Amino acid sequence: MKFDIMRDRLLDGLNDVMKAVSSKTTIPILTGIKIDVTNEGVTLTGSDADITIQTFIPVEENGDQLINISETGSIVLQARMFNEIVRKLPTNDVEIEVSNGLQTHIRSGKSEFHLIGSDASEYPLLPEVSTDRQFSIPADLLKSIIRETVFAVATSESRPVLTGVNWQIQGNELICIATDSHRLARRKTNLEHLPTDVSSVVIPGKSLNELNKILGESTDAVEIVITNQQVLFKTENVLFFSRLLEGNYPETSRLIPEEFKTDITINGKSLLQAIDRASLLAREDRNNVVRFETLEGNVIEISSNSPEIGKVEEQIQVESLEGEHLKISFSAKYMMEALKAIDGQDVVIQFTGAMRPFILRSVHDDAILQLILPVRTY
């Protein structure tokens with residue numbers, strides 16, 4: 001195989017597929033990137049067996065010639081090394097040639113590298129995906145859904161299913177839920193043409209974080225195909241496969257309280273900043289706990305106390321405060337992440353008592369809901 005390619009376009013493609021390559025893989029060939037050259041263009045594939053990313057660079061785009069193909073073929077090259085070499089090449093014109101089987105020559109300007117590749121036929125095939133369970137989401141909306149939920153997945157592997165985000169399809173509504181059993185994030189979205197034969201899948205949080213880095217802030221549609229073991233996200237030139245997590249996701253709807261004893265409406269940004277300040281002292285403490293108390297006259301007090309360092313108290317005027325007097329403690333980190341997901345809008349916080357989970361949502365809509373379990377303090 002032999003072709004010339006623009007270095008910046010090759011780097012863009014490598015940046016995407018490198019996100020799937022892991023140095024810890026037990027399958028040696030997966031430390032490599034597979035390069036397939038056809039007359040239409042160059043396809044790069046990277047995988048760690050859980051996530052597979054494939055990106056396509058066409059021969060020409062918008063009338064510009066990106067690639068000049070002399071001979072088609074395939075090779076697998078050591079990913080980290082190939083990526084570093086391309087990154088440091090002296091000019092934007094790169095020639096890649098494979099001769100005598102696996103000998104790969106990379107030339108640019110006066111620089112020439114020789115790498116020993118691996119046989120592309122040993123590289124695992126992409127999962128088979130039939131397109132009957134397919135729907136689409138604009139890329140910017142998908143990024144929002146990921147940002148508003150994925151932070152709440154569990155980080156410990158003690159219950160593997162909780163390290164993923166549960167996507168449920170109910171009629172024309174997509175409901176995405178993440179929980180680590182101390183807090184919960186839920187995002188609802190109305191979409192057309194959702195598949196009727198898929199009710200619930202769990203997508204690994206790690207996969208969604210990597211997907212989020214690849215997606216652009218555009219309204220271009222991302223096609224999503226769900227199978228029994230895999231989910232595929234398709235954009236114009238990128239295929240992103242992830243395995244799904246096995247196991248039953250816990251029934252979370254019963255955790256969300258229906259009745260409330262205290263309702264507070266407050267500016268999300270000012271509350272976030274106050275909790276951030278209070279957490280300066282709480283951070284030294286093992287569990288980063290901040291206290292929250294309602295006072296007379298639509299005022300709440302945020303405070304934190306660390307015996308070795310000192311304490312902080314701050315009063316905030318709220319827009320409305322209804323119901324019983326309340327004193328509650330919670331993790332500053334969880335509260336700040338929940339407020340960031342709602343993104344600086346006015347928020348309604350609803351409490352059912354000092355030791356019961358409480359919920360946060362935007363004043364404007366119910367699409368995003370955050371639930372947090374309080375912390376016992378004696």
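This is a predicted model: local features need pLDDT of at least 70, side-chain atom pairs count only at pLDDT 80 or more; totals for chains, interfaces and linings use all residues.
For sorting lining residues by class, Ala, Val, Leu, Ile, Met, Phe, Trp, Tyr, Cys and Pro count as nonpolar, Asp, Glu, Lys and Arg as charged, and the others, Gly among them, as polar.

The largest pocket holds about 410 Å³ of space. It is lined by 20 residues, and those closest to its centre are Asp16, Thr235, Glu236, Asn237 and Val238. Sorted by class, this lining comes out as eight nonpolar, six polar and six charged residues. As for where the lining comes from, at least two residues each are supplied by helix 1 (7-18), strand 4 (51-58) and strand 17 (221-226).

Next up is the second largest pocket, with about 260 Å³ of space. Here 15 residues make up the lining, and Glu157, Thr163, Pro204, Lys206 and Arg243 sit closest to the centre. Two or more lining residues come from each of helix 4 (205-214) and strand 19 (238-243). Helix 4 is the top contributor to the second largest pocket, putting in three residues.

Definitions and conventions:
Residues are numbered from 1 along each chain as its sequence is written. Side-chain values use heavy atoms; hydrogens and water are left out. On a 1 Å grid over the protein atoms alone, a cavity is a set of points where a 1.4 Å probe fits but cannot get out, and a pocket is an open set with protein on both sides within 12 Å along at least five of seven lines; lining residues have an atom within 4 Å of a point. Grid points are joined across faces, edges and corners, and a volume is the space filled by probe spheres set on the points. Helices (H or I, at least four residues) and strands (E, at least two) are DSSP runs, numbered from the N terminus.
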